[in-house]
Amino acid sequence: MSLADASAAARARIFATLGKSLSAGRLAAATDGATADPAAADARIAARPRGIRPARVDRDPAGLIALFVEQAVAVQATVARLAKPDAVPQAVADYLAEHNQPARLRCAPQRWLTGLDWAATALEVSQGPAAADDTASLTGAVVGVAETGTLMLASGPAGPTTLNFLPDTHIVALRAEQVVASYEDGWDRIRAAGPMPRTVNMITGPSRTGDIEQVIQLGAHGPRRLHILLIGEAAAGSAR
Amino acid sequence: MQPTSLAFKETARRALDDAQLQRALLNMKPGFQQRRAGTVAKLPEFDALRDQARAIKNHTLANLDHYLTRFEAQVQAAGGHVHWAATAQEATDIVVALCRAAGARTVTKGKSMVAEEIALNDALQAAGFHPLETDLGEYIIQLRDECPSHIIAPALHLTRQQITRTFQEAHTHLPADRPLDEPRQLTDEARAVLRDGFLGADVGITGANFLVAETGSTVIVTNEGNGDLTQTLPKTHIVVSSIEKVVPTLEDTTTILRLLARSATGQEFSAYTTFSTGPRRADDPDGPEAFHVVLVDNGRAALLATEAAEALRCIRCGACMNHCPVYGAVGGHAYGWVVPGPIGAALDPGLIGVETARHLPNASTFCGRCESVCPMRIPLTTIMRHWRTQEHARKLSPGRIRWGLGVWAYVAARPRLYRLCTRLGVAAMAWVGRRRGHLRRWPGAEGWTRYRDLPAPQGGTFVDRWQRGERGAPARETGR
Ligand code: SF4
């Protein structure tokens with residue numbers, strides 16, 4: 001039997017069992033009356049109701065930025081505030097020097113980053129996906145989520161996923177207006193940009209493990225350092 | 001994986017005598033319990049989120065066929081392939097065939113409980129592939145040829161000294177006298193060794209914490225980043241997931257994600273939560289060229305018709321075992337199957353049979369701590385009680401126990417007889433223990449008296465004292 005035939009046969013068997021189990025009604029008794037209702041299921045996917053939004057994000061834009069920074073730092077990311085994108089090259093050069101890292105940078109192919117005046121620094125800058133010997137990367141992000149200091153990054157021509165994981169140092173440039181309250185706001189922006197990308201990474205601090213005696217170690221397999229360059233100030237606005 | 005749950009009593013006894021294991025288990029309290037408590041305290045909405053998550057999963061399970069169909073269609077629309085497996089054997093056959101078709105040699109793996117369940121590594125090895133576990137804990141136990149003892153911390157049962165020895169024996173290409181005692185050094189060594197594995201792999205296999213019906217996305221939640229390197233670098237990405245992982249929308253996933261890391265490790269959010277939808281797009285600079293999802297039933301569809309159906313809400317956070325006094329005493333291996341602890345006791349009899357797993361639902365004091373922390377509000381003790389009833393009804397428990405329960409039921413249903421028996425029993429025990437205040441032995445209570453004394457009863461039976469109007473503790477006891 002071919003792979004496809006075997007799979008189709010298994011599918012038929014699974015759905016037959018599912019049909020029997022679901023119509024037995026036992027589940028409804030066990031789960032407070034949740035019942036099979038395809039129309040409700042379709043409606044849920046269409047309406048995408050949001051769950052509870054933690055009250056901690058009920059703040060104005062400046063408050064959200066403060067929360068984002070606080071939360072990112074709490075998970076061992078570092079944050080530098082910059083006034084303008086022009087300051088990015090020097091900030092990257094300084095950061096790498098400070099951490100004794102090679103003066104080399106792999107940059108995501110995004111014009112607003114690659115077009116900066118890198119020549120003013122001593123950095124050797126290239127763009128594209130990461131290779132094994134790339135030591136530091138610079139990427140953008142879709143949003144920074146204030147709730148937990150989480151970055152949401154989407155793959156695409158301007159966002160190679162390898163940049164987020166292979167280099168020892170991952171630097172993310174984020175504009176102040178990209179800081180949002182919660183993950184759901186990030187989903188809205190990703191949906192607005194087009195079809196779901198191959199990869200969406202939610203990144204909260206650098207890589208870590210607690211697998212050896214529950215002692216937390218940074219830099220398990222992914223980046224040892226996550227540095228966020230937060231550019232600009234919050235737009236004046238009222239609490240949301 | 002071949003279950004050894006039937007030997008629970010022996011394996012548990014051995015675990016209690018294992019000094020290394022007992023030392024390793026001590027890390028659980030400061031590690032998992034305190035971190036969870038601290039993080040939950042910072043989110044006042046936590047309990048309300050639990051209610052929402054429970055409702056989301058109940059609704060999804062009640063419409064599982066519908067949501068699975070939708071998920072399948074969305075994966076295909078994104079350019080991926082969906083394969084169905086009713087049994088473990090079918091699942092491993094599919095993965096092996098996909099690896100063959102990809103011309104693979106080395107296969108990297110992210111942590112996946114269902115892969116353990118279907119014994120995927122054994123199947124891959126038998127077919128001539130080299131599966132490489134990349135989660136640090138999984139890598140350690142793969143080197144030691146063990147199975148995981150915890151669903152989120154597979155090497156929880158090991159001390160750093162044991163891991164040092166394992167690495168010294170396995171990594172013979174490194175200088176024998178290198179310093180290798182600290183977790184930092186061990187982590188760095190594993191990082192360096194596994195990097196080559198990531199870069200050379202032809203196929204990457206991950207599990208899934210969620211399947212999103214709305215988008216056809218599979219979701220993994222990790223801290224190390226190994227799952228991401230596993231699924232981004234090779235040409236082929238295979239996801240192995242059980243069918244109950246599906247949730248309706250990205251928003252629903254997000255609601256449950258707010259509970260997962262907090263319950264599991266006490267983090268507010270895990271370092272990496274990754275949504276994968278189809279293979280790389282035409283203009284993507286990296287990512288896998290092929291994307292396969294293998295959906296495994298292996299008994300779950302049938303479980304939906306039983307009293308254990310609610311166990312299918314489980315998101316495998318591990319909180320129930322982290323807070324279980326029995327798990328804390330014997331560790332995960334004693335349970336003898338992939339999922340240990342309270343959720344194992346609730347789930348395993350349904351998946352591997354009451355006959356094989358019948359000891360597990362009995363390995364509980366019914367203290368209820370598991371339920372009090374379960375983010376999905378699974379009635380774990382109720383489900384365990386259901387399996388105990390099944391064990392009794394099918395006459396799987398020893399004759400002595402069934403006979404004893406029969407006698408007790410007869411007596412307990414006759415109040416006068418009950419009072420007479422308890423009065424006699426209490427008087428006899430009080431007389432035997434009159435000098436020491438405790439009993440060293442008592443017929444039928446050997447399980448207790450082998451390890452500790454049994455306090456002698458004081459002042460008659462409860463019913464008698466209640467009828468005499470006694471409401472407080474006896475003077476002798478309060479005096480101590
Ligand atoms: S039963 Fe509940 S607490 Fe235990 S692993 Fe599953 S979701 Fe977590």
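Guide: A pocket is an open set of grid points with protein on both sides, and its lining residues have an atom within 4 Å of a point. Keep that in mind for this model, which is predicted.

Visitor: How many residues line the largest pocket, and which lie nearest its centre?

Guide: Start with the general idea. Rolling a probe the size of a water molecule over the atoms shows where empty space is left. Here, 46 residues line the largest pocket. Nearest its centre are Ile401(B), Gly444(B), Ala445(B), Gly447(B) and Trp448(B). The volume of this pocket is about 2200 Å³.

Visitor: Which elements give two or more residues to the lining of the largest pocket?

Guide: They are helices of chain B: H1 (8–17), H16 (325–330), H20 (380–393), H21 (399–412), H22 (415–432) and H23 (446–449). H21(B) gives the most, with seven residues. By class, the lining has 24 nonpolar, 12 polar and 10 charged residues.

Visitor: Where does the largest pocket lie relative to the domains of chain B?

Guide: First, the division. Chain B has domain 1 (43–298), domain 2 (320–399) and domain 3 (411–467). Domain 2 and domain 3 of chain B both give residues to the lining, so the largest pocket lies between them.

Visitor: How far apart are the C-alpha centres of domain 1 and domain 2 of chain B?

Guide: They lie 25 Å apart. The contact takes 22 residues from domain 1 of chain B and 17 residues from domain 2 of chain B. Chain A has its own assignment: domain 1 (3–46) and domain 2 (60–231). The C-alpha centres of those two domains of chain A are separated by 41 Å.

Visitor: Now the cysteines. How many disulfides does the structure hold?

Guide: The general idea is simple. A disulfide is a covalent bond between the sulfur atoms of two cysteines. The structure holds zero disulfides over all chains.

Visitor: Where is Cys370(B) found?

Guide: Look in helix H19 (residues 369–373) of chain B. Cys370(B) and Cys324(B) are 46 residues apart along the chain, yet their C-alpha atoms are separated by 6.2 Å. Beyond its neighbours within four places in sequence, Cys370(B) is in contact with Cys320(B), Pro342(B), Leu380(B) and Thr381(B).

Visitor: Is Cys370(B) buried or exposed?

Guide: Use the cut-off: buried means under 20% relative accessible area. Cys370(B) has 6% relative accessibility, so it counts as buried. Cys99(B) is also buried, at 0%.

Visitor: What does Thr39(B) touch?

Guide: Thr39(B) sits in helix H3 (residues 28–41) of chain B. Its relative accessible area is 5%, so Thr39(B) is buried. Leaving out residues up to four places away in sequence, Thr39(B) touches Arg262(B), Gly266(B), Gln267(B) and Glu268(B).

Visitor: Loops next. Is Gln178(A) buried or exposed?

Guide: Gln178(A) lies in the loop between strand E7 (169–175) and strand E8 (179–180) of chain A. Gln178(A) counts as buried, at 8% relative accessibility. Residues up to four places away in sequence aside, Gln178(A) touches Ala141(A), Val142(A), Val143(A), Gly144(A), Ala173(A) and Arg189(A).

Visitor: What is the phi of Asn100(A)?

Guide: Take the general rule first. Most residues other than glycine have a negative phi. Asn100(A) is not a glycine, yet its phi is positive, about 55 degrees. Asn100(A) is in the loop between helix H5 (88–98) and strand E2 (104–107) of chain A. With a relative accessible area of 71%, Asn100(A) is exposed. Ala119(B) also has a positive phi, near 55 degrees. Find Ala119(B) in the loop between helix H7 (113–117) and helix H8 (120–126) of chain B.

Visitor: Why is helix H9 of chain B largely enclosed by the rest of the structure?

Guide: Count its residues (136–143). Six of the eight are buried, so helix H9 of chain B is largely enclosed. The buried ones are Leu136(B), Gly137(B), Glu138(B), Tyr139(B), Ile140(B) and Ile141(B). In chain B, they pack against H7, strand E3 (130–133), helix H10 (160–170) and helix H11 (183–200). They also pack against strand E10 (208–209) of chain A.

Technical notes: Residues numbered from 1 in each chain as written. Chains lettered and ligands numbered in written order. Predicted model: local features only at pLDDT ≥ 70, side-chain atom pairs only at ≥ 80, totals over all residues. Heavy atoms only, no water. 1 Å grid on protein atoms, 1.4 Å probe; cavity = no way out; pocket = protein on both sides within 12 Å on 5 of 7 lines; lining within 4 Å. Points joined across faces, edges and corners; volume = space filled by probe spheres on them. Helix = DSSP H or I, 4+ residues; strand = E, 2+ residues; numbered from the N terminus. Nonpolar A, V, L, I, M, F, W, Y, C, P; charged D, E, K, R; others polar. Domains from an automatic or database assignment. Disulfide = S-S within 2.5 Å. Buried < 20%, exposed > 50% of the residue type's maximum accessible area, 1.4 Å probe, protein only. Contact = heavy atoms within 4.5 Å.
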